[in-house]
Each structure stands twice: as structure tokens, then as C-alpha cells.
Amino acid sequence: MNWSLLHCADIHVDATRILPDNLNRQLYGLDKIYRIAEKYGVKYLLISGDLFDRIRVPEDARVEMLNRLIVNDHRYKFKTIIISGNHDEFDDKHSMISFVHSISKLLLKRTFIVQIRPELLELDDVSIMAIPYNKKLNTKRLRSIILDGNKRRQGKYYVVMAHF
């Protein structure tokens with residue numbers, strides 16, 4: 001099996017609007033990550049949380065981020081896995097990426113969104129245990145989740161991605 005992955009985190013869209021054109025620069029950075037992944041033949045792009053910077057990101061920033069994710073999902077052949085981080089969190093049931101998660105099954109073909117609860121993603125040649133931020137998750141429970149995923153994987157490589 002021949003595969004590679006690229007990992008990044010903490011994009012923090014809308015972190016500050018003090019600098020001119022900051023949203024566009026953050027989105028440009030995200031686009032550049034996708035271009036680098038394509039250039040090097042990456043099969044999986046992992047984004048481990050904090051896609052957004054705060055709970056109440058303005059609508060224009062949310063819409064532009066969603067647009068970029070849709071465009072990049074259709075433009076590139078590799079798969080993207082996104083988990084929610086502490087800056088994406090609303091409450092125990094929702095995160096800032098909830099709106100992306102809600103439409104992902106309709107509009108996103110190669111992008112997988114994991115929020116709130118850990119999920120084992122069985123992809124072509126790899127099992128990815130995606131563990132989004134959860135303030136109630138302690139190290140004992142984290143260890144249990146990781147070991148359980150390793151037992152359940154189907155003879156594939158095993159990758160763990162988490163946001164703490």
C-alpha cells in the first residue's frame with residue numbers, strides 16, 4: 001500500500017480583523033495547503049480542529065469557508081478529514097463546523113467532518129480514528145478510544161488524529 005498524508009490544524013478563520021484583508025489571507029493559506037497536498041500526491045489531508053477562531057464567526061466568514069471547502073472538495077482527488085477543536089465548540093452537541101457537517105453528505109464528496117464524538121473512519125487503505133475536542137475527555141478515556149479503534153480496524157494502517 002502506498003499512501004501519504006498531510007496534517008495541519010488551527011487555521012482560526014476570523015481570528016482577527018485588525019489586519020487588512022485578514023479573512024482573505026487565511027483562506028489563501030487554506031487553499032495553499034490544498035495545493036501543497038496535490039503537488040506532493042497526498043492521499044489524505046487531516047485538519048485537526050480550530051478551523052474557526054471563535055463561537056460567533058460572522059456569516060460572511062462562515063459562508064466563504066464553506067465555499068472554499070466545497071470548491072476544494074470538488075477540485076482535488078484526495079480525501080480531507082476535519083475534526084472540531086476547542087475554538088469550534090458551541091456546546092456538548094454542536095460546534096462551529098456543525099453547519100459544514102450538516103451539508104457535507106449532500107455537497108462534499110471527499111471531505112469527512114467529525115464533531116463532538118470520536119469516529120473511526122474506514123477509508124480505502126487506512127483506518128483513521130478522528131477524535132474531536134471534548135472538554136470531558138480525560139486521558140484514560142482517550143486511551144480506551146484509541147485502543148478500541150486499533151482493535152476494530154480492518155487490517156489497515158491505523159492513524160489517530162485528535163484535538164486537545
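In what order do the 4 strands of the open sheet stand, and is the pairing parallel or antiparallel? The order is β1-β2-β3-β4 and the pairing is parallel, where two strands pair if DSSP finds at least two bridges between them, and where helices (H or I, at least four residues) and strands (E, at least two) are DSSP runs numbered from the N terminus. β1 (5-8) and β4 (111-114) stand at the edges with a single partner strand each, so one side of each lacks a neighbour in the sheet. From one strand to the next the twist averages 15°.

This is a predicted model, in which local features need pLDDT of at least 70 and side-chain atom pairs count only at pLDDT 80 or more, while totals for chains, interfaces and linings use all residues. Residues are numbered from 1 along each chain as its sequence is written, and side-chain values use heavy atoms, with hydrogens and water left out.

Strand β2 (residues 44-48) is joined by 5 bridges to strand β3 (residues 79-83), and Ile 47 stands opposite Ile 82 in β3. Helix α1 (residues 22-39) packs on the sheet and touches β1, β2 and β3, contact meaning heavy atoms within 4.5 Å.

| Elements | Angle |
|---|---|
| α1 and β1 | about 160° |
| α1 and α2 (residues 59-75) | about 15° |

The axes of α1 and α2 are 11 Å apart.

Terms used. Axes are lines fitted to C-alpha atoms, for helices over the stretch in contact, and angles run from 0 to 180 degrees between N-to-C directions.
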